[in-house]
Amino acid sequence: MSGEPDALAVVNQLKDLAADPLNRRAIVEDKGCLSGLILFFDHPNPQVVYSALLAVRYLAECRANREKMKDELGMMLSLQNVMQKGTSPGETKLLASEIYEILQNSSSTEAEQAEAAASCRRKAQFFLGSTNKRAKTVVLQIDGLDDSARRSLCEEALLKIKGVISFTFQMAVKRCVVRIRSDLKAEALGTAIASTKVMKAHQVVKGEDGSEIVIPFQEDSDVVVEQNINLPDYLPEDESPSQEQHKAVTRLGSMQDGVSWLSTAANFLSRSFYW
């Protein structure tokens, strides 16, 4: 018991690393991490199960990962078991069902096309990432984000904002992780979401004790939303390890820290599940 990380600590770290798009390919390619996450689906601690599912949901956001994830031994069967298990909380079943549907409908051709289209961007962005300080991450809790139609509305609203770099949805918990330029105010995101007339956004921040705090945006905010006009489909994916004041924005993962933690996690998983 000399500082060995427990299951929840390991799965939470993997979840945080998977939240960063730059880490997702490496996690899936690692021989131990993906299989270990699957084994966590049957863990007696519900928090471990849910965190493992969230990590896999993040990994499934990368289209190029989906075929490999679907073919991973035990993946689809374990997801079905979680969905059918009587003791699984409703939110956990919903998340497992969403992952199952994404992987079941995955297409290797679609993944290859999407990956090819993004490859040139990522090659340049990877090297920019370690030095560029012009981006930050904002986590939104979105009331009304209930289905794919609402998600599409949300996507359209965010894509219109000049300064939005990328975004990832967590439909099971009605959240959206948005990466934006550092000079763009988070309130602009709330204004854009509110413009849909059917959804309302709140910002999720970290408290001093590490707990999450949901802060509503001011309804009468006078923040001007500068819209994209004749710009490329994607803005550069600039990385930033910095935090804003009041902890309004937190970095979800880093490539450098991720390399060492993937090794730690893989070693822990291999010791815990060896047979």
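In what sense do E2 and strand E3 (residues 175-181) pair, and over how many bridges? The legends below begin with that pairing.

**Figure 1. Overview of the predicted chain.** This is a predicted model, in which local features need pLDDT of at least 70 and side-chain atom pairs count only at pLDDT 80 or more, while totals for chains, interfaces and linings use all residues. Residues are numbered from 1 along each chain as its sequence is written, and side-chain values use heavy atoms, with hydrogens and water left out. The chain has eleven helices and five strands; helices (H or I, at least four residues) and strands (E, at least two) are DSSP runs, numbered from the N terminus. Of the 275 residues, 44% are buried. Here buried means under 20% relative accessible area, exposed means over 50%, and partly exposed lies in between (1.4 Å probe, protein chains only). The accessible surface of the chain comes to about 14,900 Å², and carbon and sulfur atoms account for 52% of that surface; areas come from the Shrake-Rupley method with a 1.4 Å probe, and for residues only the protein chains shown count as cover.

Figure 2. E2 and E3 pair in the antiparallel sense, over six bridges; two strands pair if DSSP finds at least two bridges between them. Strand E2 (residues 164-170) is mostly covered, with six of its seven residues buried. Gln170 stands opposite Arg175 in E3. Four residues lie between the two strands of the hairpin, and Lys174 in the turn has a positive phi of about 55 degrees.

**Figure 3. Asp146 and its two salt-bridge partners.** A salt bridge is a side-chain nitrogen of Lys or Arg within 4 Å of a carboxyl oxygen of Asp or Glu. Lys174 forms such a bridge with Asp146, the closest N and O atoms being 2.9 Å apart. This pair links distant parts of the chain: Lys174 belongs to the loop between E2 and E3, and Asp146 to the loop between strand E1 (135-143) and helix H9 (148-159), 28 residues apart. Asp146 also meets Arg150 in a salt bridge (3.9 Å, N to O). Relative accessible areas are 48% for Asp146, 33% for Lys174 and 24% for Arg150. Asp146 is partly exposed, as are Lys174 and Arg150.

Figure 4. Arg151 and Glu155 form a salt bridge in which the closest N and O atoms are 3.3 Å apart. Both residues lie in helix H9, four residues apart, about one turn of the helix. An α-helix has 3.6 residues a turn, so residues three or four places apart point the same way. Arg151 is partly exposed, at 21% relative accessible area, and Glu155 is partly exposed, at 25%. A search of the whole structure finds eight salt bridges.

**Figure 5. The buried face of helix H5.** In helix H5 (residues 63-71), the buried residues are Asn65, Arg66 and Met69. Seen down the axis of H5, these residues fall within an arc of 110 degrees, so they line one face of the helix; the arc is that of the directions from the helix axis to the C-beta atoms. The buried residues of H5 pack against helices H2 (24-29), H3 (33-40), H4 (46-60), H6 (75-84) and H7 (90-104), where contact means heavy atoms within 4.5 Å.
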